[in-house]
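I opened the notebook to record what I looked up in this model. The entries follow the order in which I checked things.

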Amino acid sequence: MKFLVVGGGGREHAIIKKLSESSKVDKIYAAPGNGGIAALAECVNIKATDIPSMVEFAVNQQIDFCVVAPDDPLVLGMVDAMNEKGIPCFGPNKAAAVIEGSKAFSKDLMKKYNIPTAEYEIFDDPNKAIEYITARGEFPVVIKADGLALGKGVLICNTFEEAKAGVEEIMVDQKFGASGSQIVVEEFLTGPEVSVLSFTDGNVVIPMISSMDHKRALDDDMGLNTGGMGTVAPNPYYTEEIAAECMENIFLPTIHAMNAEGRTFKGCLYFGLMLTPKGPKVIEYNCRFGDPETQVVLPLLKSDLADIFMAVAEGKLADIKVEFESGAAACVIMASGGYPVSYKSGYAMTGIDDANVLPDTYVYHAGSKLMDGNIVTAGGRVLGVTAKASDLQTALQKAYRAVDCIHFTDAHYRRDIGRRALLAGKE
C-alpha cells in the first residue's frame, strides 16, 4: 500500500518510522516532511494546510491511505476533502476536530455531559473577562485562547496584573490572531499531569501507554512554556485504578458525547489530564497525536500501526488486538538556543548516525532540513532523542548517552527529563 503522512515534525517522523515497519506498507510519502524523515519517506513540498494541493497529489499518486497528523489541517477539514475523493484517512473530520479547534466548544461539551474538568467561563469581551477575574479574586488563574495557537495559547497567571495583561495580550493585542477572539477563563487545577493518547473509531476506545510531558524550557520546570522539551512513558502516577476511573468517567463519556452531538470522532483523541485531589479531570483535548508524546508511545507499540489506522477508519477497532511492550521509553528534545522565543537556524549537525546505532535508540527529527547533502537545524525544537529499556532509569540513561553523541551550535536541552517520574511514590 501507498501511504501519505501529512506533516513535517517529530510526531510525523515517529508515525512514519512505525509505519515503515509494517509489511502492509510499500511506499510512504511525507508532505512536507523534513531532513530526517527523508531517510524513510519521499518528501513532497506541500504545506500541511494546503488542502487542494494535498488532495490533488493524493489522487494523482493513487494514495491508498492518508494519515493527517497535525491539528491545523484536521480543523480545516482535510479528512473530509480526502474522503470525498475516496481516499480513506486516519484522523477526525472537521466536525469532530472542533474538540481541539475550539476550547469553548470542548468546555461546554464537558459541562453538558458531566465530564470532570475545571470550572470556567467563556468571554468575547476583554472588559467582562477582567471584571470576572476581579470578582473571583482567586490566583493562579488560567486563561486560554479559544482557537489553535501552536500549543502556546494557555497562560497561567499568578497575580491580577498578570491576568489582566494576559487577557489584553490575547484579546486586544491579538497575539494569536483570530484564535484569541474568545477566551476561556478557568480555575487552576493541581496534581500530577498525565497525557493519554487513544485510538478510537467512534465506538471503541483503546488508550495507549500514558506519558508525562515536560513543558517548561529550563530544568526544574523553570522558564517559558514550550511545545514540549521531553517525555517519558509510562507515567508512574497513572495507576490501573486511575485508568479504570478515566475510562468510565472521561474516555467513554467523551466518545458518547461526540456521537450524541453528531460529531463522531475517529482517529487519535488525546486526553490531557490532571490527577487532582478530587479525582482525574480533563485539562484539554487534542484531536491528534501529541508531540513529543508520540515519540515515547509509538516505540513501545508491538502491534502493526497500519492495521490499527485502517481499523479505525473502517470502524473495526474492536476486531484487532493492540499491544504494547511492558518497558519504558524516554525522549529528550534538543532545541535551538533561545527557543521558544527567538533562535537561529541553519547550523550543521553531527553525531546523529552515532546516536541512531546505539541499542534501542532512535533520533526523531522535528526541525531539520537537508542542505547541500547535510542535515541542518531548521526550527525551535530540532531533534527528539528517544530510547527504550525495561525500566525508566535505564531508558533515560540511554537517551542522554545518545544526546551526548549529537552536536550543533547553540544546542539546548533539559538535563532533568524524567526526574519527577523517578521520584513518584518517594515524594
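I took strands as DSSP runs of E with at least two residues, and helices as runs of H or I with at least four, numbered from the N terminus. The model is a predicted one.

**Cis peptide bonds.** I noted that P234 sits in the loop between β15 and α9 (240-260). The peptide bond that joins A233 to P234 is cis, with omega at about -5°. A cis bond also joins A31 and P32, where omega is about 0°. I placed P32 in strand β2, residues 27-32. Most peptide bonds are trans.

**Positive phi.** Most residues other than glycine have a negative phi. I found a positive phi of about 55° at N114, which is not a glycine. N114 belongs to the loop between α6 (103-112) and β6 (120-123). I then looked up D220, whose phi is positive and near 60°. D220 lies in the loop between β13 (216-218) and β14 (222-225).

Are these residues buried or exposed? N114 is exposed, with a relative accessible area of 68%. D220 is exposed as well, at 52%.

**Helix α13.** At its start, a side-chain oxygen of D391 comes within 3.2 Å of the backbone nitrogen of Q393. Its buried residues include L392, K398 and Y400. The buried residues of α13 pack against several elements, among them β18 (328-336) and α14 (419-423).

How values were computed:
Residues numbered from 1 in each chain as written. Predicted model: local features only at pLDDT ≥ 70, side-chain atom pairs only at ≥ 80, totals over all residues. Heavy atoms only, no water. Buried < 20%, exposed > 50% of the residue type's maximum accessible area, 1.4 Å probe, protein only. Contact = heavy atoms within 4.5 Å. Polar contact = N/O pair within 3.5 Å; in protein donor to acceptor, adjacent residues only side chain to side chain.
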